[in-house]
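Here is a walk through one protein chain, from the overall picture down to a few local details. Have the sequence and the model open as you read.

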Amino acid sequence: MHERYEPDQFEAGWRQRWKDADLFKTREVEGKPKFYGLDFFPYPSGAGLSVGHCRNYIPTDVLCRMKVMQGYNVLYPMGFDAFGLPAEVEAIKKKTHPGPMIDEYAANYRRQMELIGVSYDWSRSFKSSDPEYYKWTQWIFSLLYKKGLAYRKDAAVNWCPKDKTVLADEEVVGGLCWRCQSPVEKKNIPQWFFKITDYADRLVDDLEDLDWPEGIKNQQRNWIGRSQGVEFEMVLDVSSANGQAEPAEKRHDDALDELMAEIAAEGPTGDVESSDRIDQIKKKLDRATEDLAKATAKFDEASRRIKHDPSEDLQLIEKEKKHTFRVFTTRIDTIFGVTFCVLAPEHPLVKEIIGITDAKSGLAMRDYIDKAKKMSEVDRAATGREKTGVFTGVNAINPANGQRVPVWIADYVMMGYGTGAIMAVPAHDERDYEFAKKFGLDIVPVIKPAGATDIPDLPYSAKDGVLINSGHYDGMSVKDSQEALTKELTALDIGEKKTNYKLRDWLISRQRYWGCPIPIIHDKDGEMHVVKDADLPVELPKVDHYEPADDGSSPLAHIPDFVNVTDPDGRLGHRETDTMGGFACSAWYFLRFCDPHNDSEAWSKKEVDYWMPVDTYVGGAEHAVMHLLYARFWTKVLYDEGLVTVKEPFARLKNQGQVLGHTPYRKPKANETLSVGEEGILVSFDEAKNVPKEDLTWRWVRMSKSKGNVVTPDEAVAEYGADALRLWELFVAPFEADVEWTNDGMSGTSRFLSRIFKLASEVQPHFDPKWKDKIASEPATDASRDLRRSTHKLIQKATKDVEAFAFNTYVAAMMEHLNTVNDVLKRLPPEALAVSEMLEYTILVLAPSAPHSADEIWQGLGKEGFTYEQPWPKADPDLAKDDTVTIAVQVNGKLRDTIEMPADATKEQIEAAAKESDKVKSHTEGKTVRKVIVVPGKLVNIVAN
Ligand code: ANZ
């Protein structure tokens, strides 16, 4: 038995023995429960793994190892997401073919994963670029196509001019390509889409039951962006073209002038004023007064209210049918606060307005539209961007109060969302507020926050307020008024409830070589046919040149042998030459792992029914919306087809924190400029040695090859050992937290392992392998009781912590336990059976996190087999129970003392002891004790005054 942790002496040997014994092969023993643990499907990059990646794999491995010991049938596979742009771009750079290059990289990943002792079942491994795999990706594509969930249409797509490919919306970050950071352009090309929008509601609703980080669920909710509101029609009042809406008073005065002029014109004409004529004039005057009152009511801001007789506006709608537009709002309650409307520059009505408005407005609008066209939606929507816009010269009628409000065009309204037009309420909407401020438009608050006496600073949303300045809706709650107004607009037949989604269909085609070919044949007549199942896979041809074409066509389009094909009628047709983006390949791989060698179907229902869902899925938070949403969508489609029985693929999701490397930056020289977001010029560690101290700054940034700050598991294992690395990865921080990586920590975990070896080597001569049979009859001493308590408490805590991904506290508990053990052993002879129990259980609890060391010690104790095959120890709750507990004593909620009590003390005993405390007495003296609250085992609170 080693007396220290000497990884060089035994770690590689154990890994070989595990391999020889085929230890990690998935087993399906009847009667056992199943557990499916999965790490995100990695793209095997040429840089290999860093200790950052290991923070994903090691924790999952620990959990899966514990599950095996707990008696589960465990599926814990690993494969490679080999298709896609990163591989292709790198292969082009290296002037090689992505296929063999990826094979080499994947082999290196596997070597590294084995080096750190991860227990994947490699017999189930595959790459998404294997024809035996992508045959079934194509099969799922044809299924989607047949269901109308895959379609091709001309689309203005995001085009990366550097990578020469189309990007999905999700792949455009801040207007830049997510991979190469080139500004993304818009280009019109026929593209393939998956109709994920059909599943929007289910994708939102089913999030409820998932045990996923709330942050990720929220990102999905926001991405899908379901929003419930009202869509209604607004009418242009073209008579008011070329002017901002006139204020009510002016219209009022005009009406009066008009009437007076009319009366004057019809006034007394003859020399005799007959009484009839007088009556006539009187009546007319009465009517005029009435009309004036009506006009006042209509245009007076204070008395704005829904018009119950909207006939005038409806006539206008009839007459000017084409001059209407619909708006979508989530805040119909704010309709009385509309002071202008905004159309997206691309809105179809804008062209018509240009036709009817004055030349100057028309020109300004044209100019503005041209500018907007050049911008990406992401940039247009960026918060904090100064608002821009142009007045169209026409007004629209607010159906709630008949008020005329100016119509503008502005790029902060998107054509692709809702109706591409909005009612603007600057008092309650941030963007509208900024716009109104910039262009001097009216701002009318129409909601008072609940319970507020004053109107807060504008703008504010006050979703729980009551209405003001809203005619007879004044005083109504936001919620009630939304209902009432929706009803009213529906009854008038100009509006209805509407749900909008931000989610767009999933753009899947890529005009690139290194992807799964889309199994479609185009015939001479332009019809499309999906390739028959029997003819799958459509194999990617092996070619020397596959660089993207400058015209946006796929490289496959230039390979006649691939393109030319006979259609199902035997006529010459041509193959679809686009390939699928990598996200299609990873949208179902977890199903294939259940039955990876099946060559007659994508999976057998029996296998998938047995293993699915993935019980715990582990990977980085950066995949919150793309992969995780697509995989959910495909699973639902497959569920609808009866091909799987789960509606959701991943029951529990865990995201590890990032590992940051200490990275040197130097000040830029006079002739150097920094790019946006850069705080200095990155230098290598070697260069940093020659940079003057005052010019050098060290920053913590995500470990990556491009930053030159990577620590590889190879280095770490060579210097400290695999188990020391494993324990440090677990112990360094809570699983979800980011980590500032230092290698020093591994000397700490290495020392801890050495202490375990020392303990084991000291106990080993006295170790009794049959302790279990005899321990019940061994007379207990204080020391043996203390030892057993520590052992059983450790088992309890480790079981709970590993399950809960609290790996750092699991390792900390082992460390604490070791201290206790060393303490107690001073009082206990090593031949006590409690010592044998302690050693055996400690090693088993250690096994998932430090499997090499655990097996080495296990063998040293003369035990058979691998620790991986042993049952996980079960804690005896009675033995784990504390003899005494520390109870906090509060007076009026403030902590005044702590008392030690027997763990089984009654409430009365605890209360009595608490009252006896001198510290407590000094705070209760002269007061009357009103109430005593006792939480057994924890706390006493004495209320006294
Ligand atoms: C009036 C209003 C008042 C609005 C208020 C909000 C707050 P979500 O929740 O994201 O769906 N809107 C509608 N269509 C738009 C478009 N094409 N481009 C830009 N903005 C658009 O947002 C819905 C709200 O966003 C709508 O409700 C509308 O502004 C705006 F106090 O209408 B709201």
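## Ground rules

This is a predicted model, so to speak of local features we need pLDDT of at least 70, and side-chain atom pairs count only at pLDDT 80 or more, while totals for chains, interfaces and linings use all residues. Residues are numbered from 1 along each chain as its sequence is written, and side-chain values use heavy atoms, with hydrogens and water left out.

## The whole chain

The protein chain has 32 helices and 34 strands; these are DSSP runs numbered from the N terminus, with helices being H or I of at least four residues and strands E of at least two. Its C-alpha atoms fill a box of roughly 140 × 100 × 65 Å along the principal axes. Of the 945 residues, 53% are buried (buried is under 20% relative accessible area, exposed over 50%, partly exposed in between, with a 1.4 Å probe and protein chains only). The accessible surface is about 43300 Å², and carbon and sulfur atoms account for 50% of that (Shrake-Rupley method, 1.4 Å probe; for residues, only the protein chains shown count as cover).

Contact here means heavy atoms within 4.5 Å. Taking contacts between residues at least 6 apart in sequence, 75% join residues at least 24 apart.

## Confidence

Mean pLDDT is 90, and 91% of the residues reach 70 or more (pLDDT is the predictor's confidence in each residue, from 0 to 100). Residues 245-253 have pLDDT below 50, and beyond near neighbours in sequence this stretch has 12 contacts in the model. Residues 295-308 are also below 50, with 38 such contacts. Where pLDDT is low, the predicted coordinates should not be read in detail.

## Two helix pairs

How do the axes of helix 2 and helix 23 cross? Helix 2 (residues 51-69) and helix 23 (residues 722-731) have axes that come within 9 Å and cross at roughly 95 degrees. Axes are lines fitted to C-alpha atoms, for helices over the stretch in contact, and angles run from 0 to 180 degrees between N-to-C directions. That makes the two helices roughly perpendicular (65 to 115 degrees; under 35 is roughly parallel, over 145 roughly antiparallel, the rest oblique). The residues in this contact split into seven nonpolar, no polar and five charged. Ala, Val, Leu, Ile, Met, Phe, Trp, Tyr, Cys and Pro count as nonpolar, Asp, Glu, Lys and Arg as charged, and the others, Gly among them, as polar.

Helix 24 (residues 744-763) and helix 29 (residues 851-860) come within 11 Å, axis to axis, crossing at roughly 10 degrees, so they are roughly parallel. Leu753, Ile756, Phe757 and Ala760 of helix 24 meet Ser853, Glu856 and Ile857 of helix 29.

## A buried glycine

Gly495 sits in strand 16 (residues 495-500) and is buried, at 3% relative accessible area. Leaving out residues up to four places away in sequence, Gly495 touches Glu231, Phe232, Arg326, Leu489 and Thr490.

Most residues other than glycine have a negative phi, and most peptide bonds are trans. The bond from Leu458 to Pro459 is cis, with omega near -10 degrees, and Pro459 lies in the loop between strand 14 (447-448) and strand 15 (466-467). Ala462, found in the loop between strand 14 and strand 15, has a positive phi of about 40 degrees and is buried at 11%.
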